[in-house]
Amino acid sequence: MADIIRLLSENVANQIAAGEVIQRPASAVKEMLENAMDAGASRVQLILLDAGKTLIQVIDDGSGMSETDARLCFDRHATSKIRKIDDLFTLHTMGFRGEALASIASVAQVEMKHVVLNLNLVSG
Ligand SMILES: Nc1ncnc2c1ncn2[C@@H]1O[C@H](COP(=O)(O)OP(=O)(O)OP(=O)(O)O)[C@@H](O)[C@H]1O
Ligand SMILES: [Mg+2]
């Protein structure tokens with residue numbers, strides 16, 4: 001019998017996995033707002049164009065990231081929130097799987113910028 005099984009390329013596997021996390025623009029918004037809260041943000045600015053299909057921009061005043069972390073955060077299973085399995089039982093964060101940004105990056109054009117936050121833009 002002929003062999004028909006092939007291993008999926010990493011890119012295809014990532015895109016399929018992304019579908020489980022990011023079903024629609026709202027899923028990306030949810031993940032990024034959770035990240036802002038996990039980072040201790042007290043102010044978050046969300047900008048959407050075309051209901052998030054053209055642009056989803058999230059600006060927060062949380063902890064921020066080092067340059068190295070800003071690169072690593074888009075890798076699958078890259079997280080600052082747990083290190084070992086026992087950490088799952090003492091979690092205080094909304095995310096921990098290290099999958100959201102990798103998933104978003106595999107299905108969207110992503111840009112991360114360091115900005116000087118204009119706090120007057122956010123009310124409430
Ligand atoms: N807005 C942010 N401010 C500071 N650090 C962030 C922010 N967003 C993401 N990070 C960092 O990037 C890492 C990866 O984020 P990502 O959302 O992919 O994973 P996670 O939040 O750890 O888990 P999950 O996939 O369950 O959301 C986080 O663990 C955090 O360290
Ligand atoms: Mg997250």
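Among contacts in the protein between residues at least 6 apart in sequence, 56% link residues at least 24 apart, two residues being in contact if their C-beta atoms, placed from the backbone, lie within 7 Å. The structure is a predicted model, in which local features need pLDDT of at least 70, side-chain atom pairs count only at pLDDT 80 or more, and totals for chains, interfaces and linings use all residues. Residues are numbered from 1 along each chain as its sequence is written, while chains are lettered from A and ligands numbered from 1 in the order in which they are written.

The protein contains four helices and two strands, arranged from the N terminus as α-α-β-β-α-α. Helices (H or I, at least four residues) and strands (E, at least two) are DSSP runs, numbered from the N terminus. The C-alpha trace spans about 70 × 40 × 25 Å along its principal axes. Of the 124 residues, 11% are buried, that is, 20 or more other C-beta atoms lie within 10 Å of their own, with C-beta atoms placed from the backbone.

The two strands run antiparallel and are joined by six bridges; strands pair if DSSP finds at least two bridges between them.

| Strand | Residues |
|---|---|
| β1 | residues 44-49 |
| β2 | residues 55-60 |

Leu46 stands opposite Val58 in β2. Five residues separate β1 from β2 in this hairpin, and Asp50 in the turn has a positive phi of about 55 degrees.

Around ligand 1 there are 23 residues, of which Asn35, Thr79, Ser80, Gly95 and Ala100 come nearest; a residue is near a molecule if its C-beta atom, placed from the backbone, lies within 6 Å of it. The elements giving two or more residues to this shell are α2 (25-38) and α4 (100-107), and α2 gives the most, with four residues.

Technical notes
A residue is buried if 20 or more other C-beta atoms lie within 10 Å of its own, exposed if 12 or fewer, and partly exposed in between; C-beta atoms are placed from the backbone.
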